[in-house]
Amino acid sequence: MKKLLMMGLLSILLVVFCGAPPEGELEVKPTEGKTGSDVAYGKLTEGELQKFMKAFPAAKKELENSGKEFKGGDENIESWLGQFATVNKDIAGLDAKLAAAGMPWNEFWPAFAKTWMASIAVMMAEEMDEMEEGLKEVEEQLKNPNIPDAQKKMMEAALNGMKEMKKIADKVPQGNKDIVKKHWDELAKLFDMN
């Protein structure tokens with residue numbers, strides 16, 4: 001149960017510290033006016049992921065150096081992605097450094113959103129049986145009248161968080177999950193998920 005809660009919380013709270021593509025595989029569409037969730041559930045291509053993995057270290061370094069903090073609060077991960085989509089406006093030179101790494105911001109952040117959501121979905125799929133059991137366990141415990149209100153609120157928040165993460169993972173296209181699984185070891189190193 002603790003492992004599931006930690007996975008869910010890490011997925012929500014982990015922020016960012018958290019090869020040329022084959023011809024014709026990367027079609028970048030404008031993302032202006034789209035929310036993080038609109039972009040995050042789009043199709044991820046092999047070429048796009050390759051470029052993302054090459055550019056990610058430059059983005060990570062610039063984000064770390066900027067000291068920029070992302071406010072999670074009561075927002076869900078989809079809202080957080082929307083906030084992340086405009087971070088290039090707050091960090092001078094970020095777009096130029098990413099362009100030099102082979103993937104300008106307007107290509108990088110959608111690739112990040114799709115890769116991140118697919119990574120969460122892959123992690124959740126690996127723990128789905130245990131997660132389902134954990135959800136049932138928490139729901140049963142919430143029926144206990146002897147549990148203090150403060151503890152119930154924390155349990156309800158954790159339960160809602162797990163349910164929200166499950167909904168999000170279910171919306172990720174299977175092709176995105178397959179590509180991320182194929183490159184899991186590389187992505188785990190990039191995202192420091194070891």
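The following paragraphs lead through a predicted model of one protein chain, from its overall make-up to single residues.

Residues are numbered from 1 along each chain as its sequence is written, and side-chain values use heavy atoms, with hydrogens and water left out. Because the model is predicted, local features need pLDDT of at least 70 and side-chain atom pairs count only at pLDDT 80 or more, while totals for chains, interfaces and linings use all residues.

The protein chain has ten helices and zero strands. Helices (H or I, at least four residues) and strands (E, at least two) are DSSP runs, numbered from the N terminus. Along the sequence, the pattern of the protein chain is α-α-α-α-α-α-α-α-α-α. Of its 194 residues, 43% count as buried; buried means under 20% relative accessible area, exposed over 50%, and partly exposed in between (1.4 Å probe, protein chains only). The protein chain exposes about 10,500 Å², of which carbon and sulfur atoms supply 51%. Such areas come from the Shrake-Rupley method with a 1.4 Å probe, and for residues only the protein chains shown count as cover.

The mean pLDDT of the protein chain is 78, and 75% of its residues reach 70 or more. Contact means heavy atoms within 4.5 Å. Where pLDDT is low, the predicted coordinates should not be read in detail.

The next topic is the interior. A nonpolar core is a set of buried Ala, Val, Leu, Ile, Met, Phe, Trp, Tyr and Cys residues joined through side-chain atoms within 4.5 Å. The largest such core has 54 residues, of which F52, F84, W105, F108, F112, M117 and L187 touch the most other members. Helix 6 (residues 105-126) gives the most to this core, with 14 residues. Leaving aside neighbours within four places in sequence, W105 is in contact with F84, A85, V87, N88, L94, D95, L98 and P110.

Helix 6 also packs against helix 9. Two packed helices are described by the angle between their axes and the distance between the axes. Here the angle is about 85 degrees and the axes of helix 6 and helix 9 are 9 Å apart. Axes are lines fitted to C-alpha atoms, for helices over the stretch in contact, and angles run from 0 to 180 degrees between N-to-C directions. Helix 6 and helix 9 are therefore roughly perpendicular to each other, a term for angles of 65 to 115 degrees; under 35 counts as roughly parallel, over 145 as roughly antiparallel and the rest as oblique. On the helix 6 side, K114, T115, A118, S119, A121 and V122 meet N176, K177, V180 and K181 in helix 9.

Several single residues complete the picture. N88 is found in the loop between helix 4 (77-84) and helix 5 (94-100). N88 counts as partly exposed because its relative accessibility is 24%. Not counting residues up to four places away in sequence, N88 touches L94 and W105. N88 and L63 are 25 residues apart in sequence and 9.4 Å apart in space, C-alpha to C-alpha.

S66 has its place in helix 3 (residues 46-66), and K68 lies in the loop between helix 3 and helix 4. S66 is partly exposed, with a relative accessible area of 34%; K68, at 26% relative accessibility, counts as partly exposed. S66 and I91 are 25 residues apart in sequence and 6.6 Å apart in space, C-alpha to C-alpha.

Conventions
pLDDT is the predictor's confidence in each residue, from 0 to 100.
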